[in-house]
Amino acid sequence: MPEILWIDEVGSTNDAAKDLIAAGAESGKIISARRQTNGRGQYGRVWLFEEGAAAFSVILRYEKNIPENLTVRIGGCVVAAIEEAAGGKIDGIRIKLPNDILIEEKKICGILTEGQTLGDVSWVVCGIGINVNCEKIPSELEEIATSLYFKTGKILDIAELIRGIQRRLMTIC
């Protein structure tokens with residue numbers, strides 16, 4: 001399994017992953033930050049990082065074209081890994097197209113995929129932010145966001161969750 005690079009702080013894990021591609025990183029490599037200061041979502045929206053969240057990016061390499069519906073397929077991998085880490089099925093968890101994961105209609109995860117082609121190879125950087133062990137959600141987001149901690153009552157092992165996602169993603173690249 002490719003290496004997971006664990007760092008304390010980064011502006012954007014997606015930007016850092018693009019730098020790793022330029023340096024020759026292999027498909028499946030992950031960069032994970034304990035703190036992300038300049039995270040972004042779809043349409044350039046800001047992704048707020050809260051203590052207890054997981055912020056990481058996965059590098060995926062394709063010899064030809066990037067598969068259709070890749071973000072949805074990635075979402076399926078994330079949902080499966082979340083349920084495994086939580087110890088079983090989570091009621092109300094679902095993918096909201098194209099790139100969010102909700103529990104009982106509140107967001108717990110956002111996925112941002114950014115692709116580039118270099119010669120005959122297509123690269124995708126998949127940024128994933130998950131509210132895992134967040135014990136607090138900003139008041140302005142309480143109606144639309146939640147944490148796995150609130151829904152499961154468990155503190156989950158973030159490193160194991162990320163490894164579970166990585167294992168599943170390696171089956172689709």
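**A walk through the model**

Modeller: Let's begin with Glu 105, which is found in the loop between β5 and β6 (106-118). Keep in mind that this is a predicted model.

Colleague: What is phi of Glu 105 near?

Modeller: Phi of Glu 105 is near 70 degrees, a positive value in a residue other than glycine. Asn 69 also has a positive phi, of about 55 degrees, although it is not a glycine.

Colleague: Where is Asn 69, and is Asn 69 buried or exposed?

Modeller: Asn 69 sits in the loop between β3 and α2 (70-86). Asn 69 is exposed, with a relative accessible area of 56%.

Colleague: Which residues does a cis peptide bond join?

Modeller: A cis peptide bond joins Leu 97 and Pro 98, with omega at about 5 degrees. You'll find Pro 98 in the loop between β4 (93-96) and β5 (100-103).

Colleague: And where is Ile 95?

Modeller: Ile 95 is in strand β4. Its relative accessible area is 27%, so Ile 95 counts as partly exposed.

Colleague: What does Ile 95 touch, not counting residues up to four places away in sequence?

Modeller: On that basis, Ile 95 touches Val 72, Gly 75, Gly 76, Val 79 and Asp 100.

Colleague: How far apart in space are Ile 95 and Ala 16?

Modeller: They are 26 Å apart, C-alpha to C-alpha, and 79 residues apart in sequence.

Colleague: Let's move to Glu 83. Where does Glu 83 lie, and does Glu 83 count as buried or exposed?

Modeller: Glu 83 lies in helix α2. Its relative accessibility is 14%, and buried means under 20%, so Glu 83 counts as buried.

Colleague: Which backbone nitrogen does the side chain of Glu 83 reach?

Modeller: That of Ile 90, at 3.0 Å. Not counting residues up to four places away in sequence, Glu 83 touches Gly 88, Lys 89, Ile 90 and Ile 93.

Colleague: New topic: cysteines. How many disulfides does a search of the whole structure find?

Modeller: The search finds zero disulfides. For Cys 77, the nearest cysteine sulfur is that of Cys 126, 9.3 Å away, and Cys 77 is in no disulfide. Cys 109 is in no disulfide either, and for Cys 109 the nearest cysteine sulfur, again that of Cys 126, is 8.5 Å away.

Colleague: Are Cys 77 and Cys 109 buried or exposed?

Modeller: Cys 77 is buried, with a relative accessible area of 8%. Cys 109 is buried as well, with a relative accessible area of 1%.

Colleague: Now Ser 147. Where does Ser 147 lie?

Modeller: Ser 147 lies in the loop between β7 (121-131) and α3 (148-152). With a relative accessible area of 0%, Ser 147 is buried.

Colleague: What is Ser 147 in contact with, leaving aside its neighbours within four places in sequence?

Modeller: The list is Ile 108, Asn 131, Val 132, Asn 133, Cys 134 and Ile 137. There is also a polar atom of the Ser 147 side chain that lies 3.1 Å from the backbone nitrogen of Tyr 149.

Colleague: What about Ile 144, where does Ile 144 lie?

Modeller: Ile 144 lies in the loop between β7 and α3. Its relative accessibility is 53%, and exposed means over 50%, so Ile 144 counts as exposed. Leaving aside its neighbours within four places in sequence, Ile 144 is in contact with Lys 106 and Lys 107.

Colleague: Last topic, pockets. How much space lies in the second largest pocket?

Modeller: About 290 Å³. The second largest pocket is lined by 14 residues, and Ser 32, Ala 33, Arg 34, Ala 53 and Ile 158 lie nearest its centre.

Colleague: Which elements each supply at least two residues of the lining?

Modeller: For the second largest pocket, those are β1 (4-10), β2 (30-36), β3 (53-62) and α4 (158-169).

Colleague: And how does the lining of the second largest pocket look by class?

Modeller: It has nine nonpolar, three polar and two charged residues.

Key. Residues are numbered from 1 along each chain as its sequence is written. This is a predicted model: local features need pLDDT of at least 70, side-chain atom pairs count only at pLDDT 80 or more; totals for chains, interfaces and linings use all residues. Side-chain values use heavy atoms; hydrogens and water are left out. Helices (H or I, at least four residues) and strands (E, at least two) are DSSP runs, numbered from the N terminus. Buried means under 20% relative accessible area, exposed over 50%, partly exposed in between (1.4 Å probe, protein chains only). A polar contact is a pair of N or O atoms within 3.5 Å; within protein, one must be able to donate a hydrogen and the other to accept it, and residues adjacent in sequence count only if both atoms are side-chain atoms. Contact means heavy atoms within 4.5 Å. On a 1 Å grid over the protein atoms alone, a cavity is a set of points where a 1.4 Å probe fits but cannot get out, and a pocket is an open set with protein on both sides within 12 Å along at least five of seven lines; lining residues have an atom within 4 Å of a point. Grid points are joined across faces, edges and corners, and a volume is the space filled by probe spheres set on the points. Ala, Val, Leu, Ile, Met, Phe, Trp, Tyr, Cys and Pro count as nonpolar, Asp, Glu, Lys and Arg as charged, and the others, Gly among them, as polar. A disulfide is a pair of cysteine sulfur atoms within 2.5 Å.
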